[in-house]
Amino acid sequence: MTDKKDNRTHKMSSDDKKQAYEPSRRKFVKNTGLVIGGLAGGSLLGGLVVDMNNTEPSNTTANIAEDSYREARMFFTRQEDFNVLEAATERIYPENKNGPGAIGLRVPYFIDGQLAGDFGSNRKDYMIGPFKENKYDHLYQTRMNRGEVFIEGLRKMNVISKDKYDVDFHDADGKQQDTILQSFDNDEIELEGVSSKTFFNLLRKMTIEGAYSDPLYGGNKDMQGWKMREYPGPRAAYSDLIESEEFVELDPISLKDYQS
């Protein structure tokens, strides 16, 4: 920890300040209402660890090949389902001039990895009825596991897009995709075994987690989600910096950095 600090710590200069990110991105991130520190240890979901080493930019041919290898699906067997997932997460967390969106942050593969593990099958959850009507948005009330909820929701999104716009969801334009997503959020869509709002809340939650969890878990590619927030990553202590009278900017580190 100590020997890394000097290389990763510097005082913010005036030029650095000019490179600060646009308020629009900051506002969005703030409005997510999530505490990034809570995601530092990876997904709160406790799911599958799928990306043990990918925390540094890929600069070599070997790294690029290895990086591509990790982008292999383990849960979604149908390409069309994954296409819908990619498009939906990108609308929730879009790319703009401030940085990559969900696809660039590898959020869809993060979600795929989570659904392939215990989290996706709800193996550690109490899943015996009775199941009551969900009166609170944040509650999970369905006998379906999360993997089944995702399959049901994503395929329904594609059906609606074909019926309404005569195109697959991932080929629809942004406004059309937003309209469909909004209808799910408004609980206006009938799904088998789960409310559309429960599905949408799960989709949105996992998109944000994929953008900000430790890269160890497969998303937040190259810690770009943290860099956009200027979040320094999990730190053991700030005792050597707390008395500094000047603002200190720290480059992010991930859990992998503690293992090297």
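Q: Which residues in α8 do Asp-81, Val-84, Leu-85 and Ala-88 in α5 meet?
A: In this predicted model, local features need pLDDT of at least 70, side-chain atom pairs count only at pLDDT 80 or more, and totals for chains, interfaces and linings use all residues. Residues are numbered from 1 along each chain as its sequence is written, and side-chain values use heavy atoms, with hydrogens and water left out. Contact means heavy atoms within 4.5 Å, and the partners in α8 are Phe-150, Ile-151, Leu-154, Arg-155, Met-157 and Asn-158.

Q: At what angle do the axes of α5 and α8 cross?
A: Helices are DSSP runs (H or I, at least four residues) numbered from the N terminus, and here α5 covers residues 79-92 while α8 covers residues 146-165. Axes are lines fitted to C-alpha atoms, for helices over the stretch in contact, with angles from 0 to 180 degrees between N-to-C directions. The two axes come within 9 Å and cross at roughly 85°.

Q: How are α5 and α10 oriented to each other?
A: The axes of α5 and α10 (residues 196-212) come within 10 Å and cross at roughly 75°. Because angles of 65 to 115 degrees count as roughly perpendicular, α5 and α10 are roughly perpendicular.

Q: Which helices do the buried residues of α6 pack against?
A: Buried means under 20% relative accessible area, with a 1.4 Å probe and protein chains only. Nine of the nine residues of α6 (residues 107-115) are buried, so this helix is largely enclosed by the rest of the structure. Its buried residues, including Tyr-109 and Phe-110, pack against α5, α7 (118-121), α8 and α10.

Note on methods
Helix = DSSP H or I, 4+ residues; strand = E, 2+ residues; numbered from the N terminus. Parallel < 35°, antiparallel > 145°, perpendicular 65-115°, else oblique. Buried < 20%, exposed > 50% of the residue type's maximum accessible area, 1.4 Å probe, protein only.
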